[in-house]
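Please read this briefing alongside the sequence and the three-dimensional view. It is written for a reader who is new to structural description.

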Amino acid sequence: QGADTHRERRHAELCFLDRVRSWHLDERKQYRLTCYISWSPCPDCAQELVEFLGENSHVRLRIFAAHIYTIVSGYEDGLRKLQGAGAPLAIMTLKVPIEHQHCWDTFVDKQGQPFEPWTDLVEHIETKSQELENILRRTLMDATTFRVNFSYYRERKTYLCYEVEVREGDAWVPVKKLQDFLRNQGADTHWEPRHAELCFLDGVRSWHLDEGKQYRLTCYISWSPCPVCAQELVEFLGENRHLRLRIFAARIYSIVSGYEDGLRQLWDAGAPLAIM
């Protein structure tokens, strides 16, 4: 919805979520939503989609985009968040299954006309597919970022590295795809301000970890959780008995009152804390 409509400006992804919510899909069934979109989601829409998936465990999402929306900062992180939430992204291709052909046959009033790929489409697909692959490929934190944020410097950013293990017999086995790092959303990012721990919980919820198994989440964080985040983590653990949490912090976040009680609440909830 934009200037050429009579409605308030709103991105297509959010209009789509409004419609999905209105369907009241049966939570006892599993659904897969497939979107063919002319532009990949912007950072804000990616965040909204991740939160929606976290709140709706009976829904899966996959996205095929014709172009990558690169005109706003943070678009790479947005696409990585979606991938981390279990929403695969790909560029629409001409290979089987042919997404362009499928959209033409399913959604277009073609009036008997056959689908004909336009000039340079193949080259465009190859270029954008490689670009998307480079964006989604897991990256490592650079050494300077680690030294600055996990040492004695009092940086205002919070970085959180996490890894997930699943219990198999008497051993904890790493889940390789669930090992990464993130940081808080602040004034220097495109996102609404949000502490790293809450961004992490968004991701965990979107993974829909099997409740029939036991998982251990380990976080290495540059600052220990504030009281509000500690409370959120405690409530999350109370609602997810199949998950365990342990935290290693580089520094203690002592600049807000009540931080001691927050850390004690985490400890009492069975989430051991220690200094790295």
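The model is predicted: local features need pLDDT of at least 70, side-chain atom pairs count only at pLDDT 80 or more, and totals for chains, interfaces and linings use all residues. Residues are numbered from 1 along each chain as its sequence is written, and side-chain values use heavy atoms, with hydrogens and water left out.

**Domains and their interface**

- The protein is divided into domain 1 (12–136) and domain 2 (143–275), with bounds that come from an automatic or database domain assignment.
- The C-alpha centres of domain 1 and domain 2 are 29 Å apart.
- To the contact (heavy atoms within 4.5 Å), domain 1 gives 19 residues and domain 2 gives nine residues.
- About 1,100 Å² is buried between domain 1 and domain 2, and carbon and sulfur atoms give 55% of this area. Buried area is the accessible area (1.4 Å probe) that two parts lose on being put together, summed over both.
- Four residue pairs, both residues at pLDDT 80 or more, are in polar contact across the interface of domain 1 and domain 2. A polar contact is a pair of N or O atoms within 3.5 Å; within protein, one must be able to donate a hydrogen and the other to accept it, and residues adjacent in sequence count only if both atoms are side-chain atoms.
- On the side of domain 1 that touches domain 2, the elements giving two or more residues are α2 (43–55), β2 (59–67) and α3 (75–84). Helices (H or I, at least four residues) and strands (E, at least two) are DSSP runs, numbered from the N terminus.
- The largest share of that side of domain 1, seven residues, comes from α2.

**Salt bridges**

- The rule counts eight salt bridges, each being a side-chain nitrogen of Lys or Arg within 4 Å of a carboxyl oxygen of Asp or Glu. Across the interface of domain 1 and domain 2, the rule finds zero salt bridges.
- Arg137 and Glu133 form a salt bridge, with their closest N and O atoms 3.6 Å apart. Arg137 counts as partly exposed because its relative accessibility is 44%, and Glu133 counts as partly exposed at 45%. Buried means under 20% relative accessible area, exposed over 50%, and partly exposed in between (1.4 Å probe, protein chains only).
- Arg194 forms a salt bridge with Asp202, at 3.1 Å between the closest N and O atoms. Arg194 is partly exposed, with a relative accessible area of 27%, whereas Asp202 is buried at 8%.
- Asp261 and Arg264 meet in a salt bridge of 2.8 Å, N to O. Both residues lie in helix α9, three residues apart, about one turn of the helix. Asp261 is partly exposed, with a relative accessible area of 43%.

**Two loop residues**

- Asn184 is placed in the loop between β5 (171–183) and α7 (196–207), and it counts as buried because its relative accessibility is 12%.
- A polar atom of the Asn184 side chain lies 2.8 Å from the backbone nitrogen of Thr158. The side chains of Asn184 and Arg183 are joined by a polar contact of 3.5 Å.
- Ala269 lies in the loop between α9 (259–268) and β8 (273–275), and it counts as partly exposed because its relative accessibility is 35%.
- Leaving aside residues up to four places away in sequence, Ala269 touches Val234 and Leu237.
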